[in-house]
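Hi,

Here is the structure I promised to send over. Have a look at it first, then read my notes below.

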Amino acid sequence: MYCQRFGSSLCMGDCSTLKILGIHDGHTATACLLDNGSITTALSEERLTRNKGQGGFPAHAIQHIMQTNHISANDIDVVALTGFLAPLTNIGEYRRGRQKYFPQLVKLYPGNPRKIIASTVYWGKKYRLRNSRLKGHLERIGLPFERIRLVEHHQTHAATAYFLSPFYQNRQKTLVITLDGSGDGLAGTVSIVDEKGNWSRLHNISTFDSLGMVYSRVTQYLAMKPWEHEFKLMGMAPYASPEYAEKVFTILHNCLKLSESGLSFVNQKRLWGNSMLEYFKEVLFGHRFDAVAAGVQLLHERLLVPFVDNWIRKTGVHTVAVAGGCFMNIKANKLLMDLDSIEDLFVMPSCGDDSCAIGAALWEYEQNRQPGTKDISRLEGLYWGPEFSDAEIEKALGFYSDTIKFERSADIEKKSAELLADHKIIGRMSGRMEWGSRALGNRSIIANGSRLQNIRKLNAAIKMRDFWMPFAPSIKWERRHDYALIEKDIPAYHMVMGYASTPLAREHLIAALHPYDFTMRPQFVKKEINPAYHRLISEYEKITGFGGILNTSFNLHGWPIVCSPEDAITTFLKSDLDFLTINDYLIYKS
Ligand SMILES: [Fe+2]
């Protein structure tokens, strides 16, 4: 039977409910299931393959989604695939197409890189769905090819920013801004969503004029991984001398500037990709690494913040939702929050490309839902990953019985709080795994944040961690004003925002602040969102009087955050953590 809604030869059944599988098959490949407007499951492939940043088709994540939701391929109404262009990690036939057409495009548009990039996207889109590798993956799962809908990369970012913000729930007119390194030939977009939910795209920024690209190439210049280690430069930036940072800023500002109108960026040197890297090798040579980190951070802040401010003033819309890798920068987000022109701000948590799978699914839901069907659910926790039964946990514990001992605790949160008060470091695995790059208490290493010595202990316990990188605090929602200087009470449940700290924070949480400037990137823990973690901090507060603990992701350096009991136990054994808790099991080394 022909399905009118999807233009397919297969009827997909009941149109009042929609199951949408969101897929991002680029760097940090991710899949999610949006079931009738609610995200039921979302996870990145790296957590199952144990290969950090794993790109390509997220076959394991999709299999997990099918199993845990007890569905088959026949139950999926739409496959929402991120991007018009095949990702660089799985370029296949697209590369052959590009090799064929790219030289012709260069001849066709000499000296016009923006036009060449736009045409590459046009041709790439044609090759995207001819990719036999992609077809093979979908066939193996049993998903008919005709159910695929491609969603433009930046539209996926924009969809996460708007549909998961409170502004969507309240039907507020919203300015939606996306900025990243590159996606489908663009590095940024500006859109307005009106009170009726109608979208208007006001502006596109070409990948050629990319703010994110400058940051990633400077990261590469400092011998760190582009698209992954930018946060390490942000962490290093406060250590630099302002004078030297300004010199680097001037050099970089000669490459990328705000346009005359202040509503876009202009690539001054007409350098891109590797040619930009080669240029940096020349002009940044001799500048100290910390000054380089600080200089690029200055550039990021001094371009991003006025860019957003100028768009607010131009449109007169003061409610702003943002997403895309450039907004993973919590220092710039803090400056955004401080803008007088911003009345309300939503920053999509973990808004790098792993969020694109979610955005693609959200966008397709809104495109295909029938009138009167359920709105997209309000964003609360990000606990959308796997959880494990007692039998699975005990099986894993039994396998390591020569090296560990364990007991079941009647009150694991209270027990954990007592251990933390005694300055023990705990690897905590509890319930469902968090989606995204931040550990939010369910796959976290937690510690007493009141002593600076604990930083040294933690760095030694988690092997090879970069010594300059700060830790972050998990603070009870009720105590947030005691520790963070909050001018606008924007919800920061997911570590997306930076704050200056109070003198009390420097007593109770000194080890969880940036050691140089005492800023913090807190997770404010609400009882409604994570009751067990909230209770753990409350029990700790009863003993110590401190309303927050130190939280860092539960992984060894260079590895993905742990997912399964096996991952947690092996990480525990390879590290110098004092205790491991898995649900209500308390585990220690024998
Ligand atoms: Fe992106």
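Predicted model: local features only at pLDDT ≥ 70, side-chain atom pairs only at ≥ 80, totals over all residues.

Residues are numbered from 1 along each chain as its sequence is written, and side-chain values use heavy atoms, leaving out hydrogens and water.

That pair belongs to two antiparallel strands, β14 (residues 426-429) and β15, joined by four bridges. (Strands pair if DSSP finds at least two bridges between them.) β15 is also joined by four bridges to β18 (residues 548-553), again antiparallel, and there S444 has S553 as its bridge partner.

Now β15 itself (residues 443-447): five of its five residues are buried, so the rest of the structure largely encloses it. Buried here means under 20% relative accessible area, with a 1.4 Å probe and protein chains only. R443, I445 and A447 point one way from the strand, and S444 and I446 the other.

Zooming out, the protein has 21 helices and 20 strands, taken as DSSP runs (H or I, at least four residues, for helices; E, at least two, for strands) and numbered from the N terminus. Of its 590 residues, 61% count as buried. Among contacts (heavy atoms within 4.5 Å) with a separation of 6 or more, 72% come from residues 24 or more positions apart. The C-alpha atoms fill a box of roughly 70 × 65 × 45 Å along the principal axes.

Cheers

Technical notes. Buried < 20%, exposed > 50% of the residue type's maximum accessible area, 1.4 Å probe, protein only.
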